[in-house]
Amino acid sequence: MEFGFLLKYYKFFIAGTSNTLMLSALTVVFGLIGGIFLSIMKISPFKPTQKIASFYIAFIRGTPLLVQLYIVYYGLKDIPMFAAGVVAMSINSSAYIAEIIRAGIAAVDKGQFEATKSLGMTTSMAYKEVILPQAFKNILPALGNEFIVLIKESAIVSIIGLHDLMYNVDTIRGITYKPFEPLIVAALIYFVLTAGLSKVVESVERRLQVSD
Amino acid sequence: MIKLKNINKKFGDLHVLKGIDEEISKGEVVAIIGPSGSGKSTLLRCINFLETPTDGEIHFENQLVQGQTSALNLYREQIGMVFQQFNLFPHKTVIENIAMAPILLKKCSKEEAYEIGTTLLKRIGLLDKKDEYPNKLSGGQKQRVAIARALAMKPKAMLFDEPTSALDPEMVGEVLDLMKSLAHEEVTMVVVTHEMGFAKEVADRVLFMDEGVVVEKNIPSELFGNPQHPRTIDFLSKVL
């Protein structure tokens, strides 16, 4: 193995990594917003919104991200490539995040809700003061996992030509006629990103566990 | 004070409460006893609408309790409830558990609410646990805090849903003692319980429920000493 190409092409790695990070970060933000919105629709007592949210979640989780990416990229004419990546990934991730939030809320003991009701609290007080703070502890580890998955899955956007880490690595493989070594570098970079993120999640979790 | 008129509750095909009529007067302590599945907890939960009765009316201080949320919340503020599983808020300290509802609902300042909490904690002998989280407390302590949390809203009546059933035997006494002292202060109480000794000693009236109906009701000395209905006799012979 020979990594001399790094000296010449390291800028490709840096540019690709920064695009991957930017894409993932934006997806996290929009996916979380979408996921919160969807989970509210699903929890609401209003049947039609429940149905819509359930169908959306089932459909997105039941179709490949690659297909969703193509549909967004070729379906929305003139959408910039980077935007297509963010939109497709956010649509996908919001469905998973919605389920994570819903499950986290459902895991809070039913008695907690009953206690707030018996004291005369409104539903919004109950969620704000009692349910969500507890649900957050259930949600956070799964959410951290989802973000890690997202960084890895984002490699798929290289297929539409978005210059993320994976795309740039392919470019280097082409230029240098080295099919193997750039992939090792890519794997290491992805690993550093995900391992770093899981450390952050762990430390936040630890801080949340103080009251347990 | 609380009047139940023809309360029915069905869960699907299961008819759990079959037309309960009952009146609880101010200052009265009513114990509800009966076998598992007789509907006694469901009846208690219907009183503050944790379960919505399928049919029937509940009147509180001569006013029909309306089903819509805002009216219901105002009604529930006046009816404290204590659960078998305590249901303390695990992410809040003991004093925060007690002060939360007064702050949110009675517009108390934090200082006022903490003062109410401190007074109640002194009374239940747990002032030193003020800043602990509930999971650091024993079952009996948790239940006493849960009672204090309900009392902090200065309710006009208290509902107890098998308050000692989840406790280790040696902790039952401390909770019953607290409930006895409340009873002596003329707090209106409805207690679903398996503690026959408590019902006998503290209750003004005992209702025996079976299969969704109140089979027999009487003052405790009569109901325990001279039960009339065969099912009451049968039940008491098994538990006493």
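Four residue pairs, both members at pLDDT 80 or more, are in polar contact between chain B and chain A, a polar contact being a pair of N or O atoms within 3.5 Å, of which, within protein, one must be able to donate a hydrogen and the other to accept it, with residues adjacent in sequence counted only if both atoms are side-chain atoms. The model is predicted, with local features requiring pLDDT of at least 70 and side-chain atom pairs pLDDT 80 or more, whereas totals for chains, interfaces and linings use all residues. Residues are numbered from 1 along each chain as its sequence is written, chains are lettered from A in the order in which they are written, and side-chain values use heavy atoms, without hydrogens and water.

Two salt bridges (a side-chain nitrogen of Lys or Arg within 4 Å of a carboxyl oxygen of Asp or Glu) join chain B and chain A. In one of them, Glu114(A) pairs with Arg45(B), with 2.7 Å between the closest N and O atoms.

The area buried between the two chains (accessible area, 1.4 Å probe, lost on putting them together and summed over both) is about 1900 Å², and carbon and sulfur atoms give 60% of this area. Phe89(B), His91(B) and Leu104(B) supply 26% of the area that chain B buries against chain A, more than any other three residues.

Within chain B, 57% of the 240 residues are buried, that is, under 20% relative accessible area (1.4 Å probe, protein chains only). The C-alpha trace of chain B spans about 55 × 40 × 30 Å along its principal axes.

Note on methods:
Buried means under 20% relative accessible area, exposed over 50%, partly exposed in between (1.4 Å probe, protein chains only).
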